[in-house]
Amino acid sequence: MAEEKSQASSSKMLTLKASDGVLFEVELNIAKEMKTVQAYIDDCEDIETIPIPNVLGKHLAIVIEYIKKTNEEYDAEFEKQWNMDDLQLLLLAANYLNISGLQECLCKAIAKRIENKSPEYVRKVFNIENDHSPEEEAKLRKEYKWAFEGVDKD
Amino acid sequence: MNCVGQSSELGSSLSIVESVENVVFGGDVRCCIQASPPRGNGSRNTSPMGRVGSRNTSPSRQKVVKTKPRGLDEETHATFGKVVHADVQMEDNIWAMLPEDLLHEILARVPPFLIFRLRSVCKRWNLLLQDSSFLKFHSSVPSHGPCVLSFCKNSVIPQCSVYSLPLKTWYRMCFTFLPHWAIWLIGSSGGLVCFSGCEGPTFYILVCNPLTQTWRKLPCMHFNQQRQLIMVVDRSDQSFKVIATNDICSDKSFPTEIYDSKEDRWSVHQRMPASNLCSSKMAYCDSRLYFETLSPLGLMMYRLDINCWEHIPAKFPRSLLDGYLVAGTQKRLFLVGRIGLYSTLQSIKIWELDHAKILWVEISRMPPKYFRSLLRLSAERFECFGLDNLICFTSYNQGKGLLFDVDKKIWSWIGGSAFQSYNNQACFYEPRYQSY
């Protein structure tokens, strides 16, 4: 035990257990990027397996990959592979695990996907009901009609 | 737990979400839209599908149910239609689970212009997107990116368009909130735009935020005339300053005056010890204001920290005409000018000031094809302004804008017709919601 502990902490491995039971062995320095996990480790030093109840294995795998590879280039391409639902679940995972870089990257990505779309499209994505009366909506559109130019087709 | 969406109001759906946050939901929460929130037509499907205890992994469940009122496009077909796992709490709609603070984080990254469009999504968003603390949060997120503001005051109505470089789109923002006397565009900084004009015999300056459509008239200067002006915003300090130097029409020099928005007053300082300004432009960077002068030759620099003028004897490049000073990031200062008028070798070059050696170093030259396209006639005038190592050229008659990225060394055109008028004025503009 003592010999194990004397090894450099960066080579120490930790196991993360996703909500669906999938196990991931990661290096300590990778796991520490997730501040939630870091807090867990701080609280219980000898822990070897940490449960991640809110995140599916599939998404945890993506998150771990992100932490390992993140740089400007990777981040720019990262979000393109995922559909809106995955982005949202990854965002919830990043938020729960407290990984600010990933959270920022995902928020930017989601904002980018809705930014030039019509209100109808945005309502579909967020599953929001339009509770404006037709008059109210017409008034808003008229007041800011310049902002409605150049909208992407849905 | 209750199904999200039992109430038609998103507000109450959200309160349900908040209480659910601590519940394990880890299963794959995509489900067929069997229980979408009511949309005013169609009944709610309260199928137990997805509740604890039911397991359904049949691929046939991947079809989207037609209870959605609008036809779904391909994108949502791909989105909804995944396998459902059991023994986890199911949400009918994963997006309704999004915590409020994450929604704010997303919306804060939507470019400022497009926020207006999102106000018509629903009443809750309409309120949120006008809320001052949300707008403040939006302003604190890194800038959306530079825009070019093109202003033209023909007769009564100001024609103003803003070109967003990141979105590559022109927006005809409404500037009718400005008083009629504001006809000269001074410049823009930190999301604010500065105009001046004469109301009757009196010269006035105003500062506005085009997004919030608010404006503020500044008190008169001690020597109140149309003078060379520049406005700079200090975002860390939540304030702005306007610096006034010489008379614009003649070489008459006045004591330099500085307006500080925190004190709402002008203070009077040293007169610029130079005459014969040889350029209509000045540049501000790193708390210093730079002017070109002929006598003494070089640059006059006003230091805001110690409130005095210094001379920088940087000799101008040979055969330089029309020299524009443009500020870059941090301490970078550029000189942009035409050389070789009346010669076949005429072109526009860009130099950068080497502060240590006090000399101008050539860093780029406009490629001949761009030069010929920008300035059809050899003696045509052009305008030049910059922001953060981007330099924009506009020419009066061609109605085009040409951009040069100093770092990437890339030249590109700005499309669209907004530069067409001969009395068009333009500057860079970074839209932000914050006012000062």
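A: Asn98(A) counts as partly exposed, because its relative accessibility is 38%. Here buried means under 20% relative accessible area, exposed means over 50%, and partly exposed lies in between (1.4 Å probe, protein chains only). This is a predicted model: local features need pLDDT of at least 70 and side-chain atom pairs count only at pLDDT 80 or more, while totals for chains, interfaces and linings use all residues. Residues are numbered from 1 along each chain as its sequence is written, chains are lettered from A and ligands numbered from 1 in the order in which they are written, and side-chain values use heavy atoms, without hydrogens and water.

Asn98(A) is not a glycine, yet its phi is positive, about 60°. The residue sits in the loop between helix H6 (84-97) and helix H7 (100-115) of chain A. Helices (H or I, at least four residues) and strands (E, at least two) are DSSP runs, numbered from the N terminus.

H6 and H7 of chain A also meet helix H4 (residues 57-69) of chain A. Buried residues of H4(A) pack against both, and against strand S1 (13-17), strand S2 (23-27), helix H2 (28-31) and helix H5 (72-78) of chain A. Contact means heavy atoms within 4.5 Å. The buried set in H4(A) is Gly57(A), His59(A), Leu60(A), Ile62(A), Val63(A), Ile64(A), Tyr66(A) and Ile67(A). The length of H4(A) agrees with expectation, because its 13 residues at 1.5 Å a residue should span 18 Å and its end C-alpha atoms are 18 Å apart. The expected span is 1.5 Å times one less than the number of residues.

The buried residues of helix H3 (residues 100-107) of chain B are Leu102(B), Leu103(B), Ile106(B) and Leu107(B). They line one face of H3(B), because they fall within an arc of 135° seen down its axis. The arc is that of the directions from the helix axis to the C-beta atoms. An α-helix has 3.6 residues a turn, so residues three or four places apart point the same way. The buried residues of H3(B) pack against H6, H7 and helix H8 (119-126) of chain A. Within chain B, their partners are helix H4 (112-118), helix H5 (123-128) and helix H6 (132-140).

Now the strands of chain B. Ile358(B) also has a positive phi, near 50°, and is not a glycine. Its loop lies between strand S18 (347-354) and strand S19 (359-365) of chain B. Ile358(B) is partly exposed, because its relative accessibility is 33%.

A further positive phi, near 55°, belongs to Asn307(B) in the hairpin of S14(B) and S15(B), with four residues between the strands. Strand S14 (residues 298-303) and strand S15 (residues 308-312) of chain B are antiparallel and share five bridges. Two strands pair if DSSP finds at least two bridges between them. Met300(B) has His311(B) in S15(B) as its bridge partner.

One open sheet of chain B has four strands in the order S4-S5-S6-S7, with antiparallel pairing. Strand S4 (184-189) and strand S7 (214-217) of chain B have a single partner strand each, so one side of each is left without a neighbour in the sheet. From one strand to the next the twist averages 25°. Strand S6 (residues 202-209) of chain B pairs with S7(B) over four bridges. There, Cys208(B) has Trp215(B) in S7(B) as its bridge partner.

Technical notes
Axes are lines fitted to C-alpha atoms, for helices over the stretch in contact, and angles run from 0 to 180 degrees between N-to-C directions.
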